[in-house]
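I opened this entry to record what I looked up, beginning with the core and ending with a loop residue.

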Amino acid sequence: MALLRSTVRSRYAPNPPISINFYLEDSMNTNSVGSVFSLSLEQRNYYTEERLHPKEPCPQSNWGCSSHTGFLAPDEDLLECCKADRQTLNERKVTYETIAKRLVEICNIGAKVGPNQLIEGKFKVGSKGPYNNYQFCPFTTSSDEMASPFAPIPNACGRGRGDFTIANVVSGRSIEFSDLLTHMIFDHHFFEGRVSHRLDPINIIETLELIPDPNFIEYEIVS
Ligand SMILES: [Zn+2]
């Protein structure tokens, strides 16, 4: 039984809202490649080809980090995808860290006040999960390709088991994302590619009404 990302999502258990604080603790783990822009060419090929594209069930091994729906579309290049998002952040003068921390902050307030309670006069948070199984971060350097997809990966740099929605009831905009995505934004500067779980940074910035940082230092666009 291979890991099917959609299957993981369907394993919904009607539990109380969960906190996603742990992702920040996980981000302290050094077992991570860091930003995708720090990847060597070999690493980039590895993560692009083996980890991030949709994977069919493999008869001999279940990839602990694989995803049936993928983190990138089959024809999509990791760096090209990330360059476009980086350009968006440069234009909006908002950092990856600001985005990830704000997502976590609003969700954690939502977990405390309860579902569909108004936060800061405009946001409402909904959650699904925790699911029975974790989705592990595909950028974990120690993950074992032969491991069961449902077995814990030692020292995973990030993991997710819940989905969240943040609705801005004033503007009518809303976003949906997994707790794993907040880790990938924070630690790897990755919003996912042209796949169903992608969260476009423009949608986040506009839904959360993030304003330009006056001290923003433009990200280098790697060629
Ligand atoms: Zn990670």
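**Core**

I started with the largest nonpolar core, which has 40 residues; L78, I99, A100, C137 and I185 touch the most other members. I then listed the elements that give two or more residues to this core: α3 (41-52), α4, α5, β1 (123-128), β4 (163-168), α6 (179-188) and α7 (201-208). The largest share, six residues, comes from α5. As background, I noted that nonpolar side chains tend to be buried together in soluble globular proteins. The model is a predicted one.

I took C137 from that list and looked up its contacts. Leaving out residues up to four places away in sequence, C137 touches A156, C157, G158 and R159, and also L180, H183 and M184.

**Overall layout**

I counted seven helices and five strands in the protein. Which order do the elements follow from the N terminus on? I read it as α-α-α-α-α-β-β-β-β-β-α-α.

I checked burial next: of the 223 residues in the protein, 40% are buried. I also looked at contact range. Taking contacts between residues at least 6 apart in sequence, I found that 73% join residues at least 24 apart.

**α4 against α7**

I looked up this helix pair by angle and distance, since two packed helices are described by the angle between their axes and the distance between the axes. The axes of α4 and α7 come within 9 Å, and they cross at roughly 30°. I therefore logged α4 as roughly parallel to α7, because angles under 35 degrees count as such.

Which residues make the contact? On the α4 side I found D85, T88, L89 and R92, and on the α7 side P201, I202 and I205. By type, the residues of this contact divide into four nonpolar, one polar and two charged.

**T95**

I finished with T95, which sits in the loop between α4 (78-92) and α5 (96-113).

Setting aside neighbours within four places in sequence, I found T95 in contact with L89, D213 and F216. L89 had already come up as one of the α4 residues in the contact with α7. I also looked up the separation of T95 from H189, 94 residues apart along the chain: their C-alpha atoms are separated by 9.4 Å.

Terms used
Residues are numbered from 1 along each chain as its sequence is written. This is a predicted model: local features need pLDDT of at least 70, side-chain atom pairs count only at pLDDT 80 or more; totals for chains, interfaces and linings use all residues. Helices (H or I, at least four residues) and strands (E, at least two) are DSSP runs, numbered from the N terminus. A residue is buried if 20 or more other C-beta atoms lie within 10 Å of its own, exposed if 12 or fewer, and partly exposed in between; C-beta atoms are placed from the backbone. Two residues are in contact if their C-beta atoms, placed from the backbone, lie within 7 Å. A nonpolar core is a set of buried Ala, Val, Leu, Ile, Met, Phe, Trp, Tyr and Cys residues joined through C-beta atoms within 7 Å. Axes are lines fitted to C-alpha atoms, for helices over the stretch in contact, and angles run from 0 to 180 degrees between N-to-C directions. Angles under 35 degrees count as roughly parallel, over 145 as roughly antiparallel, 65 to 115 as roughly perpendicular and the rest as oblique. Ala, Val, Leu, Ile, Met, Phe, Trp, Tyr, Cys and Pro count as nonpolar, Asp, Glu, Lys and Arg as charged, and the others, Gly among them, as polar.
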